[in-house]
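Have the sequence and the 3D view open as you read.

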Amino acid sequence: MRAAALELKGVPVALRGLAKRFGTVDALTPVDLDIEAGELVAFLGPSGCGKTTTLLLIAGIYRPTAGQIYFDETQVDHLHPRDRDVGMVFQSYALYPHFTLFDNIAFPLTIQRTARNVARERVTRVAEMLGIGEILERRPSQVSGGQQQRAALARALVKQPRILLLDEPLSNLDAQIRLQARGEIRRLQRQMGITSILVTHDQAEALAMADRVAVFCQGRLEQFATPHDLYHAPANTFVAGFVGHPPMNLVEGRIENGRFRGAAGLELEVDVEGDGPATLGLRPEDIRLDAGGVHAGEVAIAEALGRETLLTVELGSGLQLPGLQLKVLVAETEAVPPGTAVSLDLAGAARHLFDGEGRRIP
Amino acid sequence: MEVFQRRWVGTFIVILGVTFPIALGYLWLVLTSTNREVHGLWPIGGWELQNWRFLWEPIGRRPMIWQVLLNTLIFAGGVSLLVVTVSAMAAYAISRMNFKGRGMFLGLVLVLHAFPAVSLLIATFYVLVMLRLFDSLLGVVLVMTAFMMPLGIWLLKGFFDNLSWDMEMAALVDGASRFRIFFQIALPLAKPGLFALGIFSFLIAWGEFILPYTFIASSRVWIFSIYLESLMGDLSATDFGLLTAVGLFYTLPAVIVFLLGQKYLLQMYYGGSKG
């Protein structure tokens with residue numbers, strides 16, 4: 001196995017109360033995070049949520065306002081990037097346009113004053129591993145986007161870093177190459193056992209590639225969990241609404257005597273003690289159309305997604321009640337045109353309940 | 001196709017019209033310097049090289065022209081080199097580093113640009129005398145460089161501003177120091193700007209008169225513009241044939257440098273760099 005020859009050694013990463021403030025703006029409020037050795041963790045969130053800030057803090061580009069960063073139990077937050085032993089791939093790839101791909105990939109080794117023949121061999125090996133061994137004499141502008149991305153990855157890996165940081169590495173690729181690159185990065189990462197952090201705004205990418213996903217929003221870490229837990233047990237309404245496609249239905253209402261009451265007369269039995277305002281989350285794929293269902297409504301919109309159709313069902317279109325729209329994902333064969341009266345079966349749907357502050361009620 | 005060509009003909013005629021008087025001036029210069037007498041643009045009395053005698057013999061008590069040429073090359077080359085070196089470092093720091101008073105410094109540089117150099121002539125004179133640099137090439141080179149700095153800094157700052165931050169961050173993660181980034185990444189990518197500024201300041205220095213004239217006394221360190229002025233010194237005896245020949249000779253290096261560096265100078269006006 002060629003990759004093993006690169007002698008990578010993943011280390012655990014720990015963030016302790018890490019925070020960053022730009023002027024008066026809190027780009028990142030104190031975050032605690034433990035990443036295990038060899039794990040691939042995705043930082044997921046909308047733009048401006050603090051995920052890239054966190055990555056650049058780990059890389060050593062930014063100095064934290066507060067908190068510590070540990071690589072393998074060693075505090076590194078005061079170190080210059082070159083002493084942190086990380087490799088990084090940027091969204092724009094950030095290749096040096098005046099160097100050939102070879103010189104680009106060799107740049108970290110040149111700085112480390114690696115012996116010329118050793119450097120040549122390592123560059124060649126990494127390049128071949130990534131399938132760009134034949135084009136090393138070209139300049140970045142003379143190769144395709146996918147090849148540039150591989151060159152950037154090669155440059156990040158050639159110095160055998162302890163941690164690999166990937167800042168939206170796939171977002172500039174064509175959809176087809178992106179899927180392929182996704183699998184390839186994941187395979188490489190597994191083979192090498194290098195601790196990796198992937199920043200992305202694409203939840204499909206995060207869920208597909210990562211061992212665990214950290215969801216950020218407005219500088220806060222909202223949840224850090226496996227893709228499975230993120231989907232089945234979102235920690236709050238933000239994660240519930242952000243993770244999953246199409247997004248979860250979130251119905252505001254109250255819990256009274258073990259029953260959730262929402263708009264449009266939506267009422268469900270829930271296994272919760274205590275009364276108060278609450279939000280009920282129902283995944284569109286969990287709701288069934290059922291002729292004998294309790295919750296009557298009318299299809300407002302039908303969006304064909306190929307294998308499935310996404311229905312927007314208007315509940316309680318009666319005059320007195322405020323209306324409520326629920327998204328329902330049905331198989332294409334079950335799809336009905338807009339205007340059809342339907343009733344919904346919510347009995348089999350997982351009920352995600354959140355309290356007045358939006359936190360999950362266990 | 002037809003229309004396209006006709007438009008080019010029109011453009012050509014306009015350009016010709018505008019440049020015609022200037023071209024005529026140079027034609028006159030060439031004719032006058034190589035003929036015994038010229039009436040209007042009509043050479044009379046056959047051509048001769050008498051006016052070019054300064055090339056092989058000193059004129060009066062003036063230094064040999066080759067000494068003057070050498071001095072001028074040192075002067076213009078020195079200014080060009082210094083302006084590029086110092087502006088590049090200053091511009092990089094201003095463009096890429098965050099330090100106290102950065103905004104104010106940038107503003108001050110701009111204000112300095114607004115001052116005509118002449119208004120500082122006397123003050124500069126005292127400074128040079130104090131530094132014992134009066135009447136030396138080094139002294140004028142330094143003064144000239146100082147006056148060109150604002151332009152240089154602003155110009156190169158524009159070039160450095162265009163470099164992507166990602167690239168700089170990548171270099172930092174790759175382990176480079178800021179110095180290495182400056183020399184190996186930023187400078188090579190700003191090369192068009194460096195060349196443009198170098199050529200531009202060379203040409204400005206080549207044509208500069210008032211500073212060298214004020215700060216140079218002995219003919220040992222004369223440069224071209226002073227030499228030329230000395231020929232016009234006393235009007236009664238001005239030898240116009242000689243003057244034109246020297247003038248033409250003086251122009252040649254500037255023309256050569258301009259032709260060689262034309263493409264970089266154009267870039268300067270468009271600004272920015274494309275890898």
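## Chain B at a glance

Helices (H or I, at least four residues) and strands (E, at least two) are taken here as DSSP runs, numbered from the N terminus. Counted that way, chain B has 11 helices and 2 strands. Keep in mind that this is a predicted model. Reading chain B from the N terminus, the elements go α-β-β-α-α-α-α-α-α-α-α-α-α.

As for dimensions, the C-alpha trace of chain B spans about 75 × 70 × 30 Å along its principal axes. Chain B has 275 residues, and 44% of them count as buried. If you take the contacts in chain B with a separation of 6 or more, 72% of them come from residues 24 or more positions apart.

## A stop at B:E37

Let's pick out one residue. B:E37 sits in strand β1 of chain B, which covers residues 35-39.

Leaving aside residues up to four places away in sequence, B:E37 touches B:W42, B:P43 and B:I44. Then there is B:L252, 215 residues away from B:E37 in sequence; in space the two are 23 Å apart, C-alpha to C-alpha.

The size of an interface is often given as the accessible area lost when the parts come together. For chain B and chain A, that buried area is about 1800 Å², with carbon and sulfur atoms giving 69% of it. On the chain B side, B:M169, B:V173 and B:D174 supply 35% of the area buried against chain A, more than any other three residues. The contact itself takes 17 residues from chain B and 23 residues from chain A.

How many salt bridges does the rule find across the interface of chain B and chain A? There is 1. It pairs A:R155 with B:D174, and the closest N and O atoms are 3.6 Å apart. Across the interface of chain B and chain A there are also 5 residue pairs in polar contact, both residues at pLDDT 80 or more. Two elements of chain B give two or more residues to the side that touches chain A: α6 (165-173) and α7 (178-189). Of the elements, α6(B) gives the most to that side, with 7 residues. By class, the side of chain B that touches chain A has 10 nonpolar, 4 polar and 3 charged residues.

## Two domains in chain A

Over in chain A, the division is into domain 1 (3-242) and domain 2 (249-354). Their contact uses 9 residues from domain 1 of chain A and 6 residues from domain 2 of chain A, while the C-alpha centres of the two domains lie 40 Å apart. About 590 Å² is buried between domain 1 and domain 2 of chain A, and carbon and sulfur atoms give 61% of that. Within domain 1 of chain A, the residues that lose the most area to domain 2 are A:Y231, A:T237 and A:A240, together 69% of what that side buries.

Between these domains of chain A the rule finds 0 salt bridges, but there are 2 residue pairs in polar contact, both residues at pLDDT 80 or more. On the domain 1 side, α7 (227-232) and α8 (237-242) of chain A each supply at least two residues that touch domain 2. That side of domain 1 has 5 nonpolar, 4 polar and no charged residues.

Key
Residues are numbered from 1 along each chain as its sequence is written. Chains are lettered from A and ligands numbered from 1 in the order in which they are written. This is a predicted model: local features need pLDDT of at least 70, side-chain atom pairs count only at pLDDT 80 or more; totals for chains, interfaces and linings use all residues. Side-chain values use heavy atoms; hydrogens and water are left out. Domain bounds come from an automatic or database domain assignment. Contact means heavy atoms within 4.5 Å. Buried area is the accessible area (1.4 Å probe) that two parts lose on being put together, summed over both. A salt bridge is a side-chain nitrogen of Lys or Arg within 4 Å of a carboxyl oxygen of Asp or Glu. A polar contact is a pair of N or O atoms within 3.5 Å; within protein, one must be able to donate a hydrogen and the other to accept it, and residues adjacent in sequence count only if both atoms are side-chain atoms. Ala, Val, Leu, Ile, Met, Phe, Trp, Tyr, Cys and Pro count as nonpolar, Asp, Glu, Lys and Arg as charged, and the others, Gly among them, as polar. Buried means under 20% relative accessible area, exposed over 50%, partly exposed in between (1.4 Å probe, protein chains only).
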